Structure formats: C-alpha cells, structure tokens
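Subject: Structure handover

Dear colleague,

Please find the structure below. My notes on it follow.

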Amino acid sequence: MITLAAETSKVRLAVREDEEALVEMRRREAVEAGLCMGDGTPFPFCDDMARALIQTATITNRNCPDPPAWIGVVGDPGQLEGGVFLAVRTLDYSPRPYLGMVWHYVWPDYRKSDTAKSLLVFATALSRALSMDLVGATGQQVAKSRMVQRVTGGKPIGNFFVVNSDTAA
C-alpha cells in the first residue's frame, strides 16, 4: 500500500467513471503539445488507443503483467479540473525503472488555480513513495516548464525534467 502525504489530498486516483473525461483531456493535451508529422499536420488522435492506456490505470490488472500506472485527478467524475498520468517505465537500454509522467493537463478554466501544482505535488510524492525518479516532458510549453521546475525542483534536460526521488522536496 502506497501512502502519500496530506499535501496531495486534493488529488484522487481516477476511476472508470472518469474515462470519457480523461480521453477528452488527453485529446486536448495532445493538441496543445503541438506534435506534428513531417508535413506539418498533427498526428491523428485515436480514442481507442487513448482509452486503452487510461484503462491501464483505472482497471485493476487491465494489462497485467504490464508495469503499474496511476492517474491522479482533481475534481468529481464528469467535472475534472485536470489530471496526470504516471506509469512505471524503463529505457530501452537500462533495466532501472523510473516513474514516467506520460501526460499532465489542466483545463484552461483552472489554470489560475492550484490544480496543476497539486497534480505535480502528487506525482512527486508518488515518485518518493516508490523510490523512483520522476521523468517527464514539458514540450514546447515554456510557462508549463517553469511551473514544473518551480513545484518539483526537477532539473530541465532539454524539454524533459528529472526529479530525483532521493532529493525531491
């Protein structure tokens, strides 16, 4: 059982009832990230692929024996303010696992609240509880990159950041 600090109390784990809202959140995050193919058009979004990944965190043993995943969310089902998808990962050249921040998104109406900070605090607390480094990307979003650095204390490496589980504040 993983126990997280009281400072993460605004964040709850996503449940099946959150699935549609999470798929829409992922769609919006993908658009804002701006990743495009060589001809300049955005990569096509596939609801089924997004849903399958989300279900690895919301349905127990959905893809067992795949590594565990979690989605921390703020808000009630159907009224989400934001979410963060976290999964245990490894690099293709190293057996050492890390906690990967697959995506982190806050709806525009909540960006001036503490929702983004709460989600990052949750991610950092989970990485400490698991004794794993937290690794994520901020893409081309400069303001998001600054906020991630400020909240997690992570060190930027290009458009990535790394928070060492031993030194995370």
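Two strands are taken as paired if DSSP finds at least two bridges between them. Helices (H or I, at least four residues) and strands (E, at least two) are DSSP runs, numbered from the N terminus. This is a predicted model, in which local features need pLDDT of at least 70 and side-chain atom pairs count only at pLDDT 80 or more, while totals for chains, interfaces and linings use all residues. Residues are numbered from 1 along each chain as its sequence is written, and side-chain values use heavy atoms, with hydrogens and water left out.

Strand β4

β3 and β4 run antiparallel and are joined by 8 bridges. Across this pairing, Gly83 stands opposite Tyr105 in β4. β4 also pairs with strand β5 (residues 134-137); these two run parallel, with 3 bridges, and Leu99 stands opposite Leu134 in β5.

Of the 9 residues of β4 (residues 98-106), 8 are buried, so the strand is largely enclosed by the rest of the structure. Buried here means under 20% relative accessible area, exposed over 50%, and partly exposed in between (1.4 Å probe, protein chains only).

Together, β4, α3 and β5 form a right-handed β-α-β unit. Right-handed means that, with the strands pointing away from the viewer, the path from the first strand over the helix to the second runs clockwise.

Helix α3

Helix α3 (residues 115-130) contains Ser118. Ser118 counts as buried because its relative accessibility is 9%. Leaving aside residues up to four places away in sequence, Ser118 touches Lys10 and Val11 (contact means heavy atoms within 4.5 Å).

Helix α2

Helix α2 (residues 47-58) has 12 residues and spans 16 Å from its first C-alpha to its last, close to the 16 Å expected at 1.5 Å a residue; the expected span is 1.5 Å times one less than the number of residues. Ala50, Arg51, Ile54, Gln55, Ala57 and Thr58 are buried in α2. Viewed down the axis of α2, the buried residues fall within an arc of 150°, so they line one face of the helix. The arc is that of the directions from the helix axis to the C-beta atoms. These buried residues pack against α1 (19-33), β2 (69-76) and β3 (79-89). Asp48 and Met49, on the other side of α2, are exposed.

Aromatic pairs

Rings of Phe, Tyr and Trp (its six-membered ring) pair if their centres lie within 6.5 Å; planes under 30 degrees apart count as stacked, over 60 as edge-to-face and the rest as tilted. This rule gives 2 aromatic pairs. For Tyr105 and Trp107 the ring centres are 5.4 Å apart and the planes stand at 90°, so the pair is edge-to-face. Tyr105 and Trp107 are both buried.

Regards
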